[in-house]
Amino acid sequence: MEDFSQYLCKARAPACQYLLTQTERMLAIEYVRAFMHSKFVCRNPGERQQMAHRMALDAEELSTGLRTMGLEESLLCVPLIHSLQELFALIDPSLLSLEVSGLMTAFPDISDDHVLALLELRGDLTRDLRHAVLSTMHRQALTLPDDYRPIFISIPVPARAPPFCLHPSSCA
């Protein structure tokens with residue numbers, strides 16, 4: 001990021017600010033994409049707390065890096081990571097629908113598939129919980145504000161693992 005900032009500072013003020021915001025957008029997209037496509041699944045509350053702590057450290061590090069590049073305040077990357085961190089730091093899984101509702105308010109373009117992929121990384125997703133979260137999402141139909149730039153449309157959802165099959169021909 002430091003090497004990249006040396007090239008950005010050579011641009012004029014409006015172009016430099018645009019490049020900085022685009023850099024922040026790409027950082028957010030790549031962070032969430034790599035996070036969602038990881039094979040790591042939390043198996044217990046301790047691992048979820050470790051994941052939340054690691055995300056808080058990542059947000060602080062990215063905030064510092066963006067500040068050194070010249071972006072005074074992170075409007076996308078750090079708030080997105082903090083929202084995801086709160087999703088993992090939540091101890092009581094019955095409150096997940098409330099947390100997802102807050103995530104939808106902050107990022108109204110998030111899809112059902114994105115939320116399910118994030119909840120699967122939490123590792124404590126039951127069928128009833130999945131249904132409760134999805135019904136909350138469908139009840140809370142949000143429209144995109146005029147100044148909002150969709151972010152989750154640029155993040156591909158990982159393919160779901162096929163269910164366990166006894167015979168390979170039955171999976172086709």
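Predicted model: local features only at pLDDT ≥ 70, side-chain atom pairs only at ≥ 80, totals over all residues.
## The second largest pocket

Gln 17, Thr 21, Glu 24, Arg 25, Leu 71, Leu 75, Leu 76, Pro 79, Phe 107, Asp 147, Tyr 148 and Arg 149 form the lining of the second largest pocket. The space in the second largest pocket comes to about 310 Å³.

Helix H2, which covers residues 13-36, is the element that gives the most to this lining, with 4 residues. Sorted by class, the lining residues of the second largest pocket are 6 nonpolar, 2 polar and 4 charged.

## Helices H3 and H4

Helix H3 runs over residues 45-69 and helix H4 over residues 77-89; the two pack with their axes 8 Å apart, at an angle of about 170°. Angles over 145 degrees count as roughly antiparallel, so H3 is roughly antiparallel to H4.

On the H3 side, the contact is made by Arg 48, Gln 49, Met 51, Ala 52, Met 55, Ala 56, Ala 59, Leu 62, Ser 63 and Leu 66. On the H4 side, the residues are Cys 77, Val 78, Ile 81, His 82, Leu 84, Gln 85, Phe 88 and Ala 89. The contact of H3 with H4 consists of 13 nonpolar, 4 polar and 1 charged residues.

## Helices H4 and H6

H4 also packs with H6: their axes come within 10 Å and cross at roughly 45°. The two helices are therefore oblique to each other. The crossing in which H4 passes H6 is right-handed.

From H4, the residues Leu 84, Leu 87 and Phe 88 take part, and they meet Leu 118, Leu 119, Leu 121 and Arg 122 of H6. By class, the contact of H4 with H6 has 6 nonpolar residues, no polar ones and 1 charged. Leu 84 and Phe 88 of H4 are also listed in the contact with H3.

## Helices H6 and H7

Helix H6 spans residues 112-122 and helix H7 spans residues 127-139; their axes cross at roughly 150° and come within 11 Å. Because angles over 145 degrees count as roughly antiparallel, H6 is roughly antiparallel to H7. H6 passes H7 in a crossing that is right-handed.

H6 supplies Asp 112, Val 115, Leu 116 and Leu 119 to this contact, while H7 supplies Arg 130, Val 133, Leu 134, Met 137 and His 138. The residues in the contact of H6 with H7 divide into 6 nonpolar, 1 polar and 2 charged. Leu 119 of H6, listed here, is also among the residues that H4 meets.

Note on methods
Residues numbered from 1 in each chain as written. Heavy atoms only, no water. Axes fitted to C-alpha atoms, helices over the stretch in contact; angles between N-to-C directions. Parallel < 35°, antiparallel > 145°, perpendicular 65-115°, else oblique. Contact = heavy atoms within 4.5 Å. Nonpolar A, V, L, I, M, F, W, Y, C, P; charged D, E, K, R; others polar. Left-handed = near helix turned anticlockwise from the far one by under 90°. 1 Å grid on protein atoms, 1.4 Å probe; cavity = no way out; pocket = protein on both sides within 12 Å on 5 of 7 lines; lining within 4 Å. Points joined across faces, edges and corners; volume = space filled by probe spheres on them.
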